[in-house]
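Here is a short report on one protein chain. Please keep the sequence and the model open while reading.

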Amino acid sequence: MGESSVKTLETRTDVSSPVVVETETRPGSDRTLLARLRVPRRPRIWFEILLIAVSYWTYSLIRNAVPEQKSIALANADWIWGVEKTLGIAVEQSVNHAVNSVTWLIVGMNYYYATLHFVVTIGVLVWIYRFHPGRYAATRLVLFATTGVALVGYYFYPLAPPRLMNGQDFIDTVLVHHTWGSMASGNLKHMSNQYAAMPSMHIGWSLWCGLTIFAVASAPWARILGLLYPTATLVVIVATANHFWLDAVGGMICLAFGYAVSRTWYGSMPHRLPRRPEHTGPHPASELLNRVRTRR
């Protein structure tokens, strides 16, 4: 038994281990270009400011370039109003008159409608950029996709807001109370397409803000405020006669589309992505540009 063991050891072939050559690779360098583009990266402040400014300018340009089909928009408003009556939810007029009877409340809602739509949205973007950079790009894509698909609605379904309907007793609260700042009435109305009420981006944006805060914030009070914000916005857009209930539904559908686009691109819902982006080296576009410069 002992001799057999010794012979086995003596005749065993000595197989040397393969030499492993360590090469320096950057994280993500083995991924395809498309895969690398889909990896969340740390946003750059100058690029984000430029992107948001150009995107909003483009959105406003396209929205206001849509032909103001007044007769069709008014006919669509009558149809929406008729559908809501059939469904038993046509209470916008009652809400409009009730809130208008309380001057301080309706004036406050007018300013809410004119300002918070932008202030809160930008504030949430800045908050995500600062404290959740790994989720910023996906969250921003939701907002951009939501706004982009809304333009399709403005083009194919012009809709007059309740305050511009013929033969209905809706009150244009901005005109009545001489409120400053609204693009919907007064001297500023010529700068904005008045027949782009469907879908409501006041609801689309506010619900985006609310869901983002609810999903990401850790403080219970912040999460509650996140849910209250789109709820309050819904009341405001109806009380000021700027939208029907169904316009809000249109805004929700656009937001659902935005989330679907973001999830398809990044492979996950924004709040499920890492809070901090992984180190992925230079952006593929920057790398390609550097290669072109080097060849020259």
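## Surface and overall fold

The chain has an accessible surface of about 17,300 Å², and 64% of this belongs to carbon and sulfur atoms. Accessible areas come from the Shrake-Rupley method with a 1.4 Å probe, and for residues only the protein chains shown count as cover. This is a predicted model: local features need pLDDT of at least 70, side-chain atom pairs count only at pLDDT 80 or more, and totals for chains, interfaces and linings use all residues. Residues are numbered from 1 along each chain as its sequence is written, and side-chain values use heavy atoms, with hydrogens and water left out.

The chain holds twelve helices and zero strands. Helices (H or I, at least four residues) and strands (E, at least two) are DSSP runs, numbered from the N terminus. Along the sequence the pattern reads α-α-α-α-α-α-α-α-α-α-α-α. Of the 296 residues in the chain, 41% are buried. Buried means under 20% relative accessible area, exposed over 50%, and partly exposed in between (1.4 Å probe, protein chains only). Contact means heavy atoms within 4.5 Å. Among contacts between residues at least 6 apart in sequence, 84% join residues at least 24 apart.

## Salt bridges

How many salt bridges does a search of the whole structure find? The search finds two. A salt bridge is a side-chain nitrogen of Lys or Arg within 4 Å of a carboxyl oxygen of Asp or Glu. Side chains of opposite charge can pair when their charged atoms come close.

Glu 48 is buried at 5% relative accessible area. Arg 140 is buried too, at 14%. Asp 172 forms a salt bridge with Arg 163, with the closest N and O atoms 3.5 Å apart. Asp 172 is buried, with a relative accessible area of 11%. Arg 163 also counts as buried, at 11% relative accessibility.

## Aromatic pairs

The whole structure contains seven aromatic pairs. Rings of Phe, Tyr and Trp (its six-membered ring) pair if their centres lie within 6.5 Å; planes under 30 degrees apart count as stacked, over 60 as edge-to-face and the rest as tilted. Tyr 112 and Tyr 229 form a tilted pair, 6.3 Å centre to centre with 35° between the planes. Distant parts of the chain are linked here: Tyr 112 lies in helix H6 (residues 103-131) and Tyr 229 in helix H10 (residues 220-239), 117 residues apart. Tyr 112 is buried at 19% relative accessible area. Tyr 229 is buried at 12%.

Tyr 129 and Tyr 136 make an edge-to-face pair, 5.5 Å centre to centre with 85° between the planes. Tyr 129 is partly exposed at 22% relative accessible area, whereas Tyr 136 is buried at 3%. Ring pairs also link Tyr 56, Phe 118 and Trp 205 into a cluster.

## Charges over rings

A charge sits over a ring if NZ of Lys or CZ of Arg is within 6 Å of the ring centre and within 35 degrees of the ring normal. Arg 130 lies over the face of Phe 131, 5.0 Å from the ring centre.

## A nonpolar surface patch

Which residues form a nonpolar patch on the surface? They are Ile 45, Trp 46, Phe 47, Ile 49, Leu 50 and Val 54, with about 610 Å² of accessible area together. Patches are made of residues with over 30% relative accessible area and no salt bridge: like charges are joined within 9 Å, nonpolar side chains (Val, Leu, Ile, Met, Phe, Trp, Tyr) within 5 Å. Trp 46 is in helix H3. Trp 46 counts as exposed, at 55% relative accessibility.

## Two local sites

Asn 100 lies in helix H5 (residues 92-100). Asn 100 counts as buried, at 14% relative accessibility. Not counting residues up to four places away in sequence, Asn 100 touches Ile 106, Ile 171, Thr 173 and His 177.

Met 269 sits in the loop between helix H11 (245-266) and helix H12 (284-295). Met 269 is partly exposed at 24% relative accessibility. Leaving aside neighbours within four places in sequence, Met 269 is in contact with Tyr 259 and Arg 263. Met 269 and Arg 135 are 134 residues apart in sequence and 9.1 Å apart in space, C-alpha to C-alpha.
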